[in-house]
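Student: I have just opened this one and would like to be walked through it. Could we take it piece by piece?

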Amino acid sequence: MKVLIPENISDITLKQFQDFVALDKVEGITNREVGIEKLKIFLGFTDEQIEAISITDFNQLSKLIDEALNKPSEFQQRFEMDGIEFGFHPNLDRMTTAEYVDLMNYNSDPETLHKLMAILFRPITNKDAFGNYSIAEYNGTKKYSDLMKEIPLNICDGALFFFINLSIELQNFIQKSMEEEQKREM
């Protein structure tokens, strides 16, 4: 039997990740049951296939999946899915009220990450030779949120990491600015 094992999070879909994270909410689930579900979610195994593999293979496959989930990823501004080129929101300062309200509502809860991605990544409608582009107007998340469940996890992870870095940079800037203001007052 040949098995395609994810080597990093670009080999894992957002939906698979959401299904895996949902296991945390299952009351009374054992570590062994989590391991079984992990192989079902990420490798497509059936109960019969899992029962047939050795415990050594079971543990090794589980470990490889964990390693793939923990590999860092870089921000990816564009990607193609189902023949549509999507781009990250090119100007967050010009975000509409509807985009902002939905962004705050969905936050980074794993259950709604696909909707968050449908706000941040939309079809590219126009691009120029310099790499600049514009994206489709925001009309809610309904049209693309299900498609976003199929994006590679590295795209989602990179977008979230972008905001974490932005937050850290803003905190550092505020801290530095406050220190300079205190020095001026003294």
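**Salt bridges, then the sheet**

Tutor: Let us begin with D19, which is partly exposed, with a relative accessible area of 31%. Please keep in mind throughout that this is a predicted model.

Student: Which residue forms a salt bridge with D19?

Tutor: That is K15, and the closest N and O atoms of the pair are 2.7 Å apart. Both residues belong to helix α1, where they sit four residues apart, about one turn of the helix. K15 is also partly exposed, its relative accessible area being 31%.

Student: OK, and what does K38 pair with?

Tutor: K38 forms a salt bridge with D66, and here the closest N and O atoms are 2.7 Å apart.

Student: Is K38 buried or exposed?

Tutor: K38 is buried, because its relative accessible area is 5% and the cut-off for buried is under 20%.

Student: Which residues are linked in a network of salt bridges?

Tutor: The network links E37, K40 and D47. Within it, the side chains of K40 and D47 meet at 2.6 Å, N to O; K40 is partly exposed at 24% relative accessibility, and D47 is likewise partly exposed at 36%.

Student: And how many salt bridges does the count come to?

Tutor: The count comes to nine salt bridges.

Student: Switching topic: in what order do the strands of the sheet come?

Tutor: The open sheet has four strands in the order β1-β2-β3-β4, with antiparallel pairing. Its edge strands are β1 (78-81) and β4 (133-135), each of which pairs on one side only, and the twist from one strand to the next averages 50°.

Student: How many bridges join β1 and β2?

Tutor: There are four bridges between β1 and β2, in the antiparallel sense, and E80 stands opposite E85 in β2. Two residues lie between the strands of this hairpin, in which D82 takes a positive phi near 50°.

Student: What about β2 and β3, which residues stand opposite each other there?

Tutor: Strand β2 (residues 84-88) pairs with strand β3 (residues 121-127) over three bridges, again in the antiparallel sense. Along this pairing F86 stands opposite P123, G87 stands opposite R122, and F88 stands opposite F121.

Student: Then how do β3 and β4 pair?

Tutor: They pair in the antiparallel sense over three bridges, and the bridge partner of K127 in β4 is Y133. The hairpin of β3 and β4 has five residues between the strands, and in that hairpin G131 takes a positive phi near 90°.

Student: One last thing, where is V26 found?

Tutor: V26 is in the loop between α1 (14-22) and α2 (31-43), and V26 is partly exposed, with a relative accessible area of 42%. The C-alpha atoms of V26 and A68 are separated by 23 Å, the two residues being 42 residues apart along the chain.

Note on methods:
Residues are numbered from 1 along each chain as its sequence is written. This is a predicted model: local features need pLDDT of at least 70, side-chain atom pairs count only at pLDDT 80 or more; totals for chains, interfaces and linings use all residues. Side-chain values use heavy atoms; hydrogens and water are left out. Two strands pair if DSSP finds at least two bridges between them. Axes are lines fitted to C-alpha atoms, for helices over the stretch in contact, and angles run from 0 to 180 degrees between N-to-C directions. Buried means under 20% relative accessible area, exposed over 50%, partly exposed in between (1.4 Å probe, protein chains only). A salt bridge is a side-chain nitrogen of Lys or Arg within 4 Å of a carboxyl oxygen of Asp or Glu.
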